[in-house]
Amino acid sequence: MRDLRKLSEWQALQSHYHEIESLQMRDMFAQDKNRFDTFSASACGILLDYSKNRITSETFDLLLALARKIDITKEAKRMFAGERINATEDRSVLHTALRMPDSKSLLVDGEDVVKQVHAVARHAAQFVDKVRDGVWTGYTGKRIESVVNIGIGGSDLGPLMVCEALKPWQHEDLEFHFVSNVDGSHISEALAKINAETTLFIVASKTFTTQETLANAQTARQWFLDSGADNSAIAKHFVAVSTNEKAVSEFGIDTDNMFRFWDWVGGRYSLWSSIGLSIRLCIGNDNFDAMLHGAHEMDEHFVQTEYQHNLPVVLALLGVWYGNFFNARSYVIAPYDQYLHRFPAYLQQLDMESNGKSVQMDGSAVDYKTGAVLWGEPGTNGQHAFFQLIHQGTDLIPADFITAAKSQNPVGAHHKMLLANCIAQTEALMKGKTLSEVQAELRAGGSTNEETDALAPHKVFSGNRPTNTLLCEEITPRVLGALIALYEHKVFVQGKIWGLNSYDQWGVELGKQLAATVLQELNSGAPGAHDSSTSNLMSYCIDRFSKAT
Ligand code: F6P
């Protein structure tokens with residue numbers, strides 16, 4: 001067992017924290033005109049400004065020393081080489097192989113996985129071209145107009161987020177629906193908008209055992225048959241993306257219409273694989289390839305770049321700095337880009353399912369905080385909702401601001417207003433407003449001394465609230481690929497520092513198991529032996545079921 005808190009590098013950070021805790025960023029900026037140059041880095045079309053953080057050069061050196069101690073690059077190379085770093089599932093973790101160019105090769109257990117990846121990608125690309133060109137038609141000969149991706153978790157959030165983020169690249173004759181929730185309202189709303197003759201359903205599930213996805217897929221199939229199609233038409237309208245050929249076939253989807261991937265692709269890391277079929281259909285193969293290219297560039301940056309200029313390493317270290325030393329328990333993602341509105345939700349799964357753990361690789365309990373609660377909404381909307389708490393609340397909540405200098409929709413003055421808000425928020429969070437500044441402002445506005453004394457404390461901003469800004473020229477497929485890979489590697493680095501297995505997700509299992517029992521009992525109308533809360537909730541529902549019928 002590695003005792004993180006006993007490492008001299010960790011202890012040095014702990015003592016240093018007490019020394020710099022009260023330093024004000026506004027003073028550090030005033031004293032060092034080059035602070036931005038010192039604490040910013042660029043790679044793969046992304047500028048990371050991390051100068052608005054509560055760090056000095058010494059802090060940064062101490063954080064880098066921790067990264068060196070953990071030997072992040074060595075660990076990353078083990079992952080990239082296909083070592084079975086997901087020990088609890090005895091699997092390699094090779095989402096990086098999904099974006100390697102076909103000129104490369106990577107032998108894992110004697111197989112060249114890059115060749116496999118490109119063979120499957122070609123299969124997907126051919127299918128995608130046929131659908132987008134109208135060559136693949138529905139059973140009545142009409143071209144496909146609607147695509148419904150049925151999946152959940154990683155089989156939904158990544159594809160949905162990217163299709164939204166890259167909407168300007170969307171095929172103009174195709175519309176997309178994503179159905180994930182087992183709540184029948186989700187599939188019903190989608191089915192109400194589509195025509196069976198012109199719809200393609202993608203059933204996306206790595207395991208093909210996920211209850212929600214199978215229930216939605218069954219409902220979609222029944223709706224399709226009820227619309228007048230017969231079983232032979234299913235092959236034209238239902239395709240599967242999975243690692244489980246047997247279950248796909250048992251479900252009734254022809255395995256010729258199945259796009260494969262591998263158990264070494266984690267669900268939340270799978271958008272680069274066949275799980276990205278809906279993305280390919282939406283933005284086309286060339287743009288999908290550009291996204292893969294951007295991600296591959298970030299992979300190379302991650303393993304080749306020294307830590308102080310390494311974007312994933314820097315972001316990860318800053319997250320550890322606030323989470324473990326300032327005791328920050330949540331972290332905000334604020335994309336100032338409406339098309340990135342699902343990016344926080346996507347990152348929630350990526351980060352919280354990966355690092356929401358409390359045992360180390362060897363099973364020993366950690367005695368330090370691990371993954372933070374991650375949340376967010378696009379700016380400027382968030383400013384009119386929860387930013388109040390980030391500015392004046394009692395918690396320290398670090399935030400990443402993500403934006404692009406160029407808009408996909410340059411209407412009037414909108415984009416400059418968006419950028420002005422994004423940049424100004426980071427300035428406000430950093431600088432704050434002191435009591436004397438507030439008092440001077442109030443007096444200048446004509447307030448009496450009494451009015452000033454009453455109001456001033458409410459208008460003080462403590463400031464010193466940390467932010468990173470990730471700025472790019474334009475959110476293109478390539479830049480988006482790099483941005484996603486940047487956060488994937490940030491999660492990796494933090495997982496390594498905390499000694500976690502970031503690639504399993506046992507924490508989702510108990511609820512699934514208990515739901516099976518509860519469902520059985522709801523069906524039978526008789527709650528079994530449970531605590532009084534669970535039994536009474538079930539009885540309430542059973543009572544209402546009988547009244548409804
Ligand atoms: O329940 C969690 C989870 O296993 C995620 O990790 C995964 O992305 C999601 O369910 C969906 O799984 P599948 O693609 O196998 O349906």
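Trainee: Which helices each supply at least two residues of the lining of the largest pocket?
Mentor: Those are helix 9 (211-226), helix 15 (343-355) and helix 21 (509-524). Helices here are DSSP runs of H or I with at least four residues, strands are runs of E with at least two, and both are numbered from the N terminus. This is a predicted model, where local features need pLDDT of at least 70 and side-chain atom pairs pLDDT 80 or more, while totals for chains, interfaces and linings use all residues. Residues are numbered from 1 along each chain as its sequence is written, and side-chain values use heavy atoms, without hydrogens and water.

Trainee: And which helix gives the most to that lining of the largest pocket?
Mentor: Helix 21 does, with five residues.

Trainee: What volume does the largest pocket have?
Mentor: About 970 Å³. Of its 39 lining residues, T210, E353, Q505, V508 and K512 are the closest to the centre. A pocket is an open set of points on a 1 Å grid over the protein atoms alone, with protein on both sides within 12 Å along at least five of seven lines, and lining residues have an atom within 4 Å of a point. The volume is the space filled by probe spheres on the points, joined across faces, edges and corners.

Trainee: How does the lining of the largest pocket split by class?
Mentor: There are 11 nonpolar, 19 polar and nine charged residues. Asp, Glu, Lys and Arg count as charged, Ala, Val, Leu, Ile, Met, Phe, Trp, Tyr, Cys and Pro as nonpolar, and the others, Gly among them, as polar.

Trainee: Where's the ligand, then?
Mentor: The ligand takes up the space of the largest pocket; to sit there, more than half of its atoms must lie within 2 Å of the grid points.

Trainee: Which residues come nearest to the ligand?
Mentor: S155, S205, K206, T207 and T210, out of 14 residues around the ligand, each with a heavy atom within 4 Å. By class, that shell has two nonpolar, nine polar and three charged residues.

Trainee: How much of the ligand does the protein bury?
Mentor: The protein buries 87% of the 400 Å² that the ligand exposes when taken alone, using the Shrake-Rupley method with a 1.4 Å probe.

Trainee: New topic: what about the second largest pocket?
Mentor: Its volume is about 410 Å³. H118, A121, R280, D289 and L292 are the closest to its centre, among 24 lining residues. Helix 6 (113-133) and helix 13 (285-304) each supply at least two of the lining residues, and helix 6 gives the most, with eight. By class, the lining of the second largest pocket has 12 nonpolar, seven polar and five charged residues.

Trainee: How many cavities of 30 Å³ or more are there?
Mentor: The search finds four; in a cavity a 1.4 Å probe fits but cannot get out. The largest cavity has a volume of about 130 Å³, and G319, Y331, A372, Q494 and W498 are the closest to its centre among 16 lining residues. Helix 14 (311-325), strand 10 (330-336) and helix 20 (477-498) give two or more residues each to the lining of the largest cavity.

Trainee: And what lines the second largest cavity?
Mentor: Residues including I85, M361, F492 and Y503. The second largest cavity has a volume of about 50 Å³.
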